Amino acid sequence: MDNAIIQLNHITKKFDGEIVLDDITLSVKENEFVTFLGPSGCGKTTTLRIIGGFERPDEGEVYFDGQLINDIPPFKRQLNTVFQKYALFPHLNVYENIAFGLRIKKMDEKTISAKVERMLELFNLKNYGKRRIDQLSGGQQQRIAIARALVNEPKVLLLDEPLGALDLKLRKEMQHELKAMQKQLGITFIYVTHDQEEALTMSDTIVVMNEGIIQQMGSPIDIYNEPENAFVADFIGESNILDGVMIDDYLVEILGKKFECLDSGFGRGEEVDVVIRPEDLDLTPAGEGKLEGIVKSVIFKGVHYEMDIEANGYEFLVHSTDMAPVGTSVGLTLTPDDIHIMKKGD
Amino acid sequence: MVRKYLSKIYMGIIFIFLYAPIVVLAVFSFNESKSRGHWTGFSLKWYIELFHDQDIRMAFYYTITIAIITAIVSTILGTIAAIGINAMKGRQKALILNVNYLPVVNPDIVTGISLMILYISFNMDFGFNTMLLSHIVFSIPYVILSILPKLKQLDVHMTEAAMDLGATPMYALRKVIIPEIKPGIITGFLMAFTLSIDDFIISYFTKGEGVTNLSIIIYSMARRGVRPTINALSTIMLIVVLLLMILINKRANGHDKSKNINRSEV
Amino acid sequence: MKDRTKYFAYPYVVWIIIFIALPMFLVLLYSVTTKESNGLTTIHFTWENFRSFFQPIYLNILWDSIYLAAVSTAICLVLGYPAAYIISKTHESKRNTLLFLCILPMWMNMLLRTYAWMTILGNNGILNNIFAFLGLPKVNMLYTRGATIMGMVYNFIPFMILPIYTALSKMDKAVLEAADDLGANKRTKFIKVILPLSMPGVISGIIMVFMPAVSTFIIPQLLGGNKSMMIGNLVEKLFILNGDWNFGSAISIVMMVIILLSMSIMNKFDVDKEGGARLW
């Protein structure tokens, strides 16, 4: 915990009596790229706004660099925010937008000019200084919003779904650019998104949130491979989530069939959620699989086919490079390590 | 095609209807005799006499002075109030907005007599001050109503962004909020000015000894016959307004054009 | 941070209590007290002021005011809607000029413009001169109810044109194209799509014309002579000439109630239309 730059202790927040954040505790290390991931209304933006100082927690403490900052207003905090729709100042040109924070610090014109020009260069926006904000594309506005924050050399940069308004191609480009920039500048990034793919690509640590509670915190690989509950499994990547019953350690019954698995420690006869990733299911000729089913639909996805296969009354989502036409009977197989057992959520 | 001509003829008739009295006024301000309705020859004498007509000059002075002070004061007070109201929520906000709305929906005559009763209840002397105060009272709601939509349009994160960059709330207000809502403030200012300059009813009930405005003078003359000097003054005022509007329009258009050029470069 | 910004409104709250709420309260107080009330100690409450208003002479004035205002509003709508429609169809380059021409007259003193109509309509006025020139008989136009109605239409028609224009110009072009696409002819398109969608503009136009029309006292006084005493004239007379504030206040309250009532009815109408636009 010594090198934690941001530390949240038991943060609770209510809006009009409704709990938005329920006892959130987490720490962010220096130079880390942390992503808050979750569906809308899960509390991720509120958490970010509490760190930024725009909301006050009802309970709990916020530490910045070891210092309690609950009562510090946003304009005295050494962190900067990139807002969802950028919140650029339309009455100021590009140069003045970036210089805004520096002018408040009463820097001399020469220093300001040097800093702003360096930012413009860094973001490939040279010669754009005199432009009005409404003359820029979404991608350019995005860069200026980041430049405006970074020019103040914050220790932590907060980003609230900064790529949400961009089209897919630009979003991919910016994801790489942002990640590269974070590494180059050595600044802590706290990033909010509802896009799981974005989170997986960019983050060092992902915090999955739902209904004001942290569901799981870990590296992208951990979160994807070892989801702690059905919500995380479902939210990160696509999943088949089935009801199962533990027969014994390493043995689970799903859809009336017994499967070997790698999980133990559950009670006998305990009802569990079973998560199976669509790419872990393999097709076999009819009669040779662990489960027998009928293909309901096939969509070509480029690298693989996406199929709905109904077996034992459950419609499995299957990603496979093999393809079986609609209406044919097929078998499905899976190995013990493809089966993820989770405690039933409340 | 026929439809197009019909449209043109229709708009022509509407504009003749709207401008007939104005043309009559303007034309008769150059009439030699005092008679209205009879053209006796061209003359500029009413324009010359305008400079010697003490009543009209005083009324003009009061009208303009009150309009300028009203516009300035109600714009300042209205802007501050609008910013505050915008930050309010729920029932409190609804109540204030409704009361604020009263002078707008109330007949002017009701606003006029209610203020008159107020001033008498407080033993105030009727005159310049009561008239000015009344104008400010009924102008502020319009200023607020023209600024509030601009505040609503404002990106909710705009103030936060400024504070995030180190601006104190006051600095954010001065450097971000006020510049952003400027169009609304200007509209409000012009509205207050126009309402004040054009008001008759409320001034009529709150005027005092020796203080009149143009509307009141015209009203008092209407039955006996309005002096053509008033026609001359109004013609001058209308031409000034017209020129100002054309100037503002030209500037706005020029601005738009330069913007478009820049845009095409991108 | 927004929490603290709301304190900006507090001085204005004090202001509206003193200059808007208190005066209205005083009017209400006068309307329910007797003339003899001179202070808090001698105050006498009474319904007499309202009761005396509900006598045939006064009620007739009230109905007449509502009738004249309603007729003027209807004429404004009939004349103003096509004008707003034509403006909205005009090419962009000319549209602003047309709008500007609709607003410009309002920059000239209203009393003066109304007064100019006296010059035009009078027995020896311009119109009668033209009639005489054409060999037509003299027509008595000034100091009639017709002149009052015309004066109201003249003064308030811009308030009808502008909101209707705004509603029409805000209309999504794609909706109109969709109507074409679905096979609506011009007539159907207008009746089933354009008219219902412009309803909010029509409603605010009606409110903005009816309100000043029903309470005006200058227009009937200048153009109507003594032929049409409207409720506004009555209030003015009671306050300025008779000094009967109590009765005058009662009538003001009645006037306010009528306006607030018609506004809420209109607003309800508007909501219904928006909600049930498909019924058309």
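Modeller: 58 residues of chain B are in contact with 64 residues of chain C. On the side of chain B that touches chain C, α1 (2-28), α3 (54-87), α4 (90-105), α5 (108-121), α7 (158-164), α9 (182-198), α11 (214-222) and α12 (228-265) of chain B each give two or more residues. α1(B) brings the largest share, 13 residues. By class, this side of chain B has 45 nonpolar, 11 polar and two charged residues.

Biologist: What makes two residues count as being in contact?

Modeller: Their C-beta atoms, placed from the backbone, must lie within 7 Å. This is a predicted model, where local features need pLDDT of at least 70 and side-chain atom pairs count only at pLDDT 80 or more, while totals for chains, interfaces and linings use all residues. Residues are numbered from 1 along each chain as its sequence is written, and chains are lettered from A and ligands numbered from 1 in the order in which they are written.

Biologist: And what decides the class of a residue?

Modeller: Ala, Val, Leu, Ile, Met, Phe, Trp, Tyr, Cys and Pro count as nonpolar, Asp, Glu, Lys and Arg as charged, and the others, Gly among them, as polar.

Biologist: Which chains share the most contacts?

Modeller: Chains B and C do, of the two pairs of chains in contact. In the A and B pair, 19 residues of chain A are in contact with 18 residues of chain B. On the side of chain A that touches chain B, β6 (79-82) and α2 (94-104) of chain A each supply at least two residues. α2(A) gives the most, with three. That side of chain A holds nine nonpolar, seven polar and three charged residues. Chains A and C do not touch, and their nearest C-alpha atoms are 7 Å apart.

Biologist: Why is B:Asn231 called buried?

Modeller: Set its count against the cut-offs. A residue is buried if 20 or more other C-beta atoms lie within 10 Å of its own, exposed if 12 or fewer, and partly exposed in between. B:Asn231 has 26 such atoms, so it is buried.

Biologist: Where is B:Asn231, and what is it in contact with beyond its sequence neighbours?

Modeller: B:Asn231 sits in helix α12 of chain B. Leaving aside neighbours within four places in sequence, its contacts are B:Leu25, B:Phe28, B:Ser29 and B:Trp46.

Biologist: What makes C:Pro196 partly exposed?

Modeller: C:Pro196 has 17 C-beta neighbours inside 10 Å, so it counts as partly exposed. C:Pro196 lies in helix α10 (186-197) of chain C.

Biologist: How many residues of α6(C) are buried?

Modeller: 12 of its 12 residues are, so by the DSSP run as defined, the helix is mostly covered. Among them are C:Arg113, C:Tyr115 and C:Trp117.

Biologist: How is chain A divided?

Modeller: Chain A has domain 1 (4-230) and domain 2 (238-343); such bounds come from an automatic or database domain assignment. The C-alpha centres of these two domains lie 39 Å apart. The secondary structure of chain A comes to eight helices and 20 strands. Of its 346 residues, 40% count as buried.

Biologist: Why do β13(A) and β20(A) count as edge strands?

Modeller: Chain A has an open sheet of five strands, in the order β13-β12-β11-β14-β20, with antiparallel pairing. β13 (257-260) and β20 (340-343) each have a single partner strand, so one side of each is left without a neighbour in the sheet.

Biologist: What makes β12(A) and β13(A) a pair?

Modeller: Two strands pair if DSSP finds at least two bridges between them. β12 (251-254) and β13 of chain A have four, in the antiparallel sense. A:Ile254 stands opposite A:Lys257. The two strands form a hairpin with two residues between them, and A:Leu255 in the turn has a positive phi of about 50°.
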